[in-house]
Amino acid sequence: MKVMGVGNGAREHIIAKKLAESKYKPKVYWVGELRNPGIVKICKESGGEYEICKTTDSEKVVKHALKWGVDFVFVGPEEPNFYGVPDKCVKNGIPCIGASSKLAKIEMSKAELRRLQWKYDLKGKLLFKTFQTAEEASKYLEKYSETLTWLQNVALKPARQAGGKGVKVVDDRHIYLHDEKDRFKKQHASWLEGYMKSYSGIEDKILIEEKVWGPEYTLQCFTDGKVVKGMPLVQDNKNAHEFDIGTETGGMGSISGPGIILPFITQDEYDESLKIVDSIVKAIQNEVGERYCGIVAGQMMITEIEGPTIIEMYSRLGDPEALNVLSTLKTDLIDICYSIIDGKLSNMNIEFEDCVTVVKAIAPKGYPDFRDLAKNHPIIVDEEKIFNEGCEFYWGSADLRDDGSIITGGSRICEILCKSNRFEEASERIEKCIPYVKLGDGWGVFHRSDIGSSQLLARRMDVAERVRRLYHYRLEKGILGKRFDWLPGFGIVDPVAILKKSLWG
Amino acid sequence: MPGIIGFYPFGEGRENWNACRFLYYGLNALQGRGQESTGLSFFTKDRLLNTVNSNMMVEDFFKEKAESLKEGYIAIGQTSPIKNDGVIHIKEPVELVCVGDGKPNLHSDKIIAFKIFSEKLSQKIYELGDALKATKSIVNEVSGGYSFIALTKNEEMICGRDTHGVKPLEIGAIGFDIGIVASETAALDVMGAEYTGSVNPGEIVVFDPLSIRREICDKSNKKYCSFEYIYLARLDSYLNGISVSKVRENVGRALAREKPVKADVVIGIPETALAFATSYSEESGIPMKIGFIRTGRYTRSAIKPTQLERLTGVQLKLNPVRYSVDNKDVVLIDDSVVRGNTLKSTVLDLKRKGAKRIHVRIGSPALVAPCPYGTEVPPRDELIGGNLSEEEISYVIGADSFSFLPITKLIECIGLKKSELCMKCFGIDWEVE
C-alpha cells in the first residue's frame, strides 16, 4: 500500500507517524513546502519519498500522487483544501481525506460560516457583520453601537481564514476607556483592510463579530458525510505568552483528557457540541451538493448567550490539537481513512486511550507577528533526551537542508507531547525537555510553561462554571440564543431580526 | 506600600496604545495604598524613557501633567504614601526606570533603598547582558519584603517579588494585546484586564516585545504580608489567589465568636471595617447599621503623615448618624489601632450622640512593631497595642470593652499556615523564629 500526505507541520508529522504505524505497513510519500525532518525520516524508513511542492498548487500535488501511484491522499493543513487539492485528487481517481474547496468554505470564509448558521438557524452561532473597507466598518460601529449593544464588545477578524492572524478582541465595556478602545478598533480595521488585500477571491474583507467569553475547546471529528464521529476534546492555548498574555498564535500548546471530555466541559456539552458540528456538516453538504470526506472540527467556546458555540470551523485537524488526539488513537488510522472513503464510518468503532495529554509548542522569537525575525535560524535538538523523559517530539516549521542542518521556517519549531494520568506531571516532564531544543546562533525561543499547570486549569474551570451558570439560566428561562436591546421611544430591538433583515431583506 | 502598575502591549500595532490612559484608571484604583505622591514613566515610539513625578494625588497628577502624558505605549507607575517618592530613573550604565512596593534591605529609607536596588539592577543588566538572569541574581542577593516593576531602554519590562513574596504582585491580560502587572487585582479589573495569575515569591517575569520569560529564585518560600489582607488591600482584590473579601468576612465572624457581647447595633468604621461589621452582624445576629457618613473625597486617614492630618481626615470622614447609636449599646468595629487617638475621638463622638455602651472590636491583632518593609507604622513606643493591655486601652479610649483579633484567629481567617505569613508588625518575627 502507498499513501501520500500533504503539509509539513507538527500535525502532519504525527499524521505521517500514525499512517506509517498502520498494520498495512504502507510506503509513506509526502509533499510539503519545507522538508520536515520528522516526516522525511518516516518516508525514508517506510520506503516512500518526500518532495518539496507548493501545497496549494493542486496540479503539482496531484502530479506527485499520480507519479507515485498512491492509494489515497491525506491533506494536513487547510490551505490545500481551500485551493482544491482534494477536488483534484478525486477527479484523478485518487481518494482523498480532505474537504473539497466548496465544503472547506466553512473554514475559509468566517462570514460564509456565519451566514450558513443563520440561514439554517443552527445552534451555537454569533451575531456578525461584514465590511469591505475599514472606513465602512468604523462608520457602522460609530453609528450603531448605541443602538446595538453587541457592537460595543466585538471581535475584529479577517473575513477569510488567514493562518490565525489578525484577530483582535476588543472588550469595550468600560465607558471611560471607550475612546482608547474605539481608536484601536478603527486602527485594527484599517490594518485588516490592508492585510486582506493579499487575499483575492473573497468578497468580505473585515468581519465584526459579537464578542463572547468562556472556556474554549476544540472538537475534532472524522466524517464520511453521513456520520460525524467525535474525538476527545482538546483545549488549545492561543495567546503567545505566559499568563494568557499576548498575540494570537496558531496555538502554543494544548491539553486533552481524561476520557473524551475535559475537566471543565461536561458530557452534555460534548454531546451538544457534536450535534452542532454535525449540523454544520449537513448544512454545507446540502448547500454545495458534495460529500464531506475527511476531518471537520469545531473550535468552540461555552458562551453565556448560546451555550456551546462555534468560534471557527476547521476543515482539518487542529495544530497542536492533532497531537493530543492522534497520539492516543488506538484504532488503525488507515482503517479509519478507508471507512471514510467508502462511506462506512458508521460501522467503525474508533477507540482512544484513556489518559491525559499535554502538548507544548516551542517557537522562535518573532513568532507570530514578526516572522522575518523568526526565520532562518539553525536548530539543535536532542531527540533522544526528550524520548528518555518519556515525551514525544514532533517537528514543526523546520527545514532539513541538504547539508543536514535544520533551519527555522518562522512558525513553531516543534511540539513536545507527553501522556500521563495527571496534567501537572505531563507538563513538568515536558518542561524538562525544553532545554533540549535550541537555536545554534543564539537566537531565542519561547514556549508556555503554564500549559497543563494546575493554576491554569483551575482558572479555566472557574470561568467555565461562571459561564455555565449564565447559559443554564437562559436555558431554563427559554431565552438561550436570544438578544435584547432597548431603544428609548422605539422599544425592544432584536439584533437577530436586524441581522436577518440585512442578510436576506 | 505604594500601589504599582506596569502596562505592556504586544504584537503588530502595539505602538498605537496610549498606556498613560490605562495607568490613570489603574493608579486611581490603587490609591488606597498611598496618596502623597504619584509617579509615572513611559516608553515612546522614538524609544525614549520619560519620567514624571509629583507630590499629588493621582487625579490631580493627571490633570496637571496632562500635556506630558499623551504618548507612550509602555508605562509603569506608582501611587505612594510617601512624599517625594516616585519613579526612580537611572541613566547609566543601562537606562531604566523602576517603581517599588515594600522595601529591599538596602537602606532604612524606602526611596533610597529602591534607588540602590535600581542602580544594582542597571549595573547587573549591563554586566550580564540578560535582564532575566541579572534580575534573578539581584533578587537572590537582596533580602527584604518588596515587589517591583522596572522598564529598560531596551524595551524590557521586568517585574518580580522578593524571595518571600511579602508584597503582592498580580498579572492580567487584555485580549490578544496587553499584559498588565499590578499590586492588586482590583486595578486589573478597573483597567478592563482579566486576572491571569500571580507572580510567585522570588519569581522574575521579563516582558520583551517578542516574549515573556519567567524564572524563580533558588530559595523562595512564601511569607505573605498579613496586613495586606486585613487592611492595606482593597476588598475587591485577590492577592496570591486569596480573596481579600473572604478573609475580612472570616475576621468579622471570628470577632463575633471570640468575645461575644450583648448589644443593640453593630457599627463599622468606614471603609475597611465595614466588611468586618457585616459578617460580625451576620454571625452575632445583632443588626448592623450605617454609623457614619463621609464628607469630601475618599482619603485614607490612617496613612496620612501627620497627626493633624489623620484626625482631620477621620473627623471629616466620620460624621456619626445619631439615630443609629442614640440610646443603644454599640459594637464598634475598626480595622486597626495605631496610637488610639482617632479611635478615642470616634468613641467620644458616638457617646455624645447618645450611645449607651460602646464595645470596640478591632479586625486585626495588636500592632506592636514597625514594619521593616515600608508599611507606615510608627515606632514601637508609639503603638498603643504594644504598650497597654486591652483593658487599659478601653479606659484610654473611653470604651466599655475593647479587644483585638487574636493572632491565631488571623491565621485561620487568611487560611494559610503560620509559616506562610509575615506578621512582624504583630510581633512574630519569622527571621528570629
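Glu312(A) is buried in this predicted model, since its relative accessible area is 10%, and the threshold for that label is under 20%. The residue belongs to strand β17 of chain A, which covers residues 307-314. What does the side chain of Glu312(A) meet there through a polar contact? The partner is the side chain of Lys110(A), at 3.3 Å. Setting aside neighbours within four places in sequence, the contacts of Glu312(A) include Lys110(A), Leu113(A), Lys157(A) and Gln161(A). Ala297(A), Gly298(A) and Gln299(A) are also in contact with Glu312(A).

I turn now to chain B. Lys289(B) sits in strand β18, residues 288-289. Is this lysine, Lys289(B), buried or partly exposed? Lys289(B) counts as partly exposed, because its relative accessibility is 32% and that class lies between 20% and 50%. Once residues up to four places away in sequence are excluded, Lys289(B) touches Val265(B), Val266(B), Ile267(B) and Ser324(B). As for Leu274(B), it stands 15 residues from Lys289(B) in sequence, and their C-alpha atoms are 10.0 Å apart.

Finally, the cavities. How many of 30 Å³ or more does the structure hold? There are 6. The largest cavity has a volume of about 90 Å³. Its lining comprises 13 residues, and those nearest the centre of the largest cavity are Cys225(B), Phe227(B), Cys371(B), Cys422(B) and Cys425(B). Sorted by class, the lining of the largest cavity has 9 nonpolar residues, together with 2 polar and 2 charged ones.

Key:
Residues are numbered from 1 along each chain as its sequence is written. Chains are lettered from A and ligands numbered from 1 in the order in which they are written. This is a predicted model: local features need pLDDT of at least 70, side-chain atom pairs count only at pLDDT 80 or more; totals for chains, interfaces and linings use all residues. Side-chain values use heavy atoms; hydrogens and water are left out. On a 1 Å grid over the protein atoms alone, a cavity is a set of points where a 1.4 Å probe fits but cannot get out, and a pocket is an open set with protein on both sides within 12 Å along at least five of seven lines; lining residues have an atom within 4 Å of a point. Grid points are joined across faces, edges and corners, and a volume is the space filled by probe spheres set on the points. Ala, Val, Leu, Ile, Met, Phe, Trp, Tyr, Cys and Pro count as nonpolar, Asp, Glu, Lys and Arg as charged, and the others, Gly among them, as polar. Helices (H or I, at least four residues) and strands (E, at least two) are DSSP runs, numbered from the N terminus. Buried means under 20% relative accessible area, exposed over 50%, partly exposed in between (1.4 Å probe, protein chains only). A polar contact is a pair of N or O atoms within 3.5 Å; within protein, one must be able to donate a hydrogen and the other to accept it, and residues adjacent in sequence count only if both atoms are side-chain atoms. Contact means heavy atoms within 4.5 Å.
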